[in-house]
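Subject: Structure handover

Hello,

Here is the structure you will be working with.

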Amino acid sequence: AVGVSIPRLEVREKVVGTAEYIADLERPNMLHAAITQSPHAHALIKSYDIGEAMAVPGVVAVLTGDDFPAGRMGAFIKDEHAIAKTKVRYVGEPVAVVAAEDEPTARRAARLVKVDYEPLEAVLSPEAGLAPDAPIVHEELESYIKVFPAICGGNVASETELSEGDVESAFDDCDLIVEGEYETPAQAHVSIEPCGALADIDAQGRVTLWSANQSVFRVQANVCESLLFPMSKLRSLTPRVGGGFGNKMEPHVQPMVVQLARLTGRPVKLILNREEDFECVRARHPFKIRCKTGVKSDGTLIARDVEVLVDCGAFGDDSPGVLAYSLLMARGPYRIPNARCRGKLIYTNKLRFGAFRGFGNPQVSFAGELQLDEIATKLDMDPLDLRVKNLVQEGEPWFVGGE
């Protein structure tokens with residue numbers, strides 16, 4: 001097959017327009033859903049008033065946190081409900097979901113749901129989350145199920161260190177040391193297709209769920225964990241996906257449409273508009289990076305010390321994995337025998353941050369590669385020669401061990 005252009009399996013249906021995405025799917029007697037979102041970054045939910053929304057002709061159901069089980073989902077830390085319950089943790093978090101005979105009616109009714117909030121002080125940066133008197137985003141963090149030996153507490157969702165060699169002694173042997181602080185912002189995935197899902201239920205209470213996702217097994221697990229629903233009663237399917245770079249890896253609207261289908265007995269479809277997709281799905285993590293690199297005068301890399309502070313957002317999602325992987329990648333593809341890579345992941349009252357192509361690698365690579373350019377300039381070396389000189393060779397150990 002070398003040198004041969006092999007067409008992708010789905011290319012013809014996409015070119016001629018027959019490919020079906022979530023928005024194209026229909027079921028008989030299907031309802032359409034829309035969400036009500038929180039205007040507060042951090043607030044207690046005191047009560048709901050759904051009377052005006054339910055009075056809109058064509059509205060079939062209005063669900064709030066009171067209509068959802070207390071199950072929690074999460075890839076690393078089980079810290080997230082299917083919908084906000086008892087309090088909201090970021091602006092845009094869904095607090096109610098409406099099902100109606102058509103989408104305009106559902107959206108109109110969603111705007112009529114009234115929620116009585118008691119605003120709380122918000123944590124809007126990792127530094128603020130680490131302050132001694134900081135408000136706590138997750139008061140029950142200690143009791144949450146973690147699938148890894150998490151070092152956490154307060155607003156620290158996870159703390160990780162990977163090290164090898166003797167970094168302090170190695171810096172004493174370096175001829176040149178460069179240090180710097182770097183910052184990368186949040187970044188939206190901006191997939192062409194916004195997130196959406198369609199759930200149908202049969203006479204035996206078994207649910208078939210179609211959704212824009214990147215793992216049908218993760219969808220099944222998240223929905224069933226959050227709704228305390230048997231996995232044997234949920235079938236998860238994926239039609240064509242209009243882009244998924246990590247933002248569709250973990251849950252978005254799937255648990256809400258499944259609960260609506262269960263309680264109404266009818267198929268339900270929910271498609272976020274672009275604004276909602278920006279506000280309540282997930283984005284790339286903002287990083288603050290302190291990096292220190294030491295070299296010999298001939299350009300041989302000797303030591304690197306990296307410390308990162310990562311904004312987790314309101315829920316853990318894939319963030320502990322992103323933190324750990326960023327530290328694993330902090331040396332890049334280079335031979336650096338002495339390395340200490342540390343990081344903290346901090347809950348804040350922002351939308352959750354999660355998987356995005358590179359999984360933490362682009363942020364630390366930004367810092368590391370800038371330092372290599374600085375080193376090359378100070379040693380009067382060609383930047384490419386410096387990199388080639390220190391590349392890990394095929395078969396050579398890259399990370400021997402650590403703790």
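This is a predicted model: local features need pLDDT of at least 70, side-chain atom pairs count only at pLDDT 80 or more; totals for chains, interfaces and linings use all residues.

Residues are numbered from 1 along each chain as its sequence is written, and side-chain values use heavy atoms, with hydrogens and water left out.

Pockets

A few terms come up at once. On a 1 Å grid over the protein atoms alone, a cavity is a set of points where a 1.4 Å probe fits but cannot get out; a pocket is an open set with protein on both sides within 12 Å along at least five of seven lines; and lining residues have an atom within 4 Å of a point. Grid points are joined across faces, edges and corners, and a volume is the space filled by probe spheres set on the points.

The largest pocket holds about 260 Å³ of space. It is lined by 15 residues, and the closest to its centre are Lys288, Arg290, Glu307, Val308 and Leu309. Two or more lining residues come from each of β7 (156-164), β8 (176-184), β15 (287-295), β16 (301-313) and β17 (338-347). Here helices (H or I, at least four residues) and strands (E, at least two) are DSSP runs, numbered from the N terminus. Sorted by class, this lining has eight charged, five nonpolar and two polar residues. Ala, Val, Leu, Ile, Met, Phe, Trp, Tyr, Cys and Pro count as nonpolar, Asp, Glu, Lys and Arg as charged, and the others, Gly among them, as polar.

The second largest pocket has about 200 Å³ of space. β1 (31-37), α3 (103-110) and α8 (274-280) each give at least two residues to its lining, and β1 supplies the largest share, four residues. Among the lining residues are Arg107, Arg111, Glu275, Glu276 and Glu279. The classes are five charged, three nonpolar and three polar.

Cavities

How many cavities of 30 Å³ or more are there? The count comes to four. The largest cavity has about 120 Å³ of space. Of its 16 lining residues, Glu80, Ala82, Tyr90, Pro94 and Arg352 are the closest to its centre. That lining divides into eleven nonpolar, two polar and three charged residues.

The second largest cavity has a volume of about 40 Å³. α10 gives the largest share of its lining, four residues. The lining includes Arg304, Met329, Tyr334 and Glu369.

Helix pairs

The axes of α10 (residues 361-379) and α11 (residues 383-390) come within 9 Å and cross at roughly 115 degrees. α10 is therefore roughly perpendicular to α11. Axes are lines fitted to C-alpha atoms, for helices over the stretch in contact, and angles run from 0 to 180 degrees between N-to-C directions. Angles under 35 degrees count as roughly parallel, over 145 as roughly antiparallel, 65 to 115 as roughly perpendicular and the rest as oblique.

For α6 (residues 216-227) and α7 (residues 254-264), the axes come within 9 Å and cross at roughly 60 degrees, so α6 and α7 are oblique to each other. Contact (heavy atoms within 4.5 Å) is made by Val219, Val223, Ser226 and Leu227 of α6 and Gln254, Pro255, Val258, Gln259 and Arg262 of α7.

Regards
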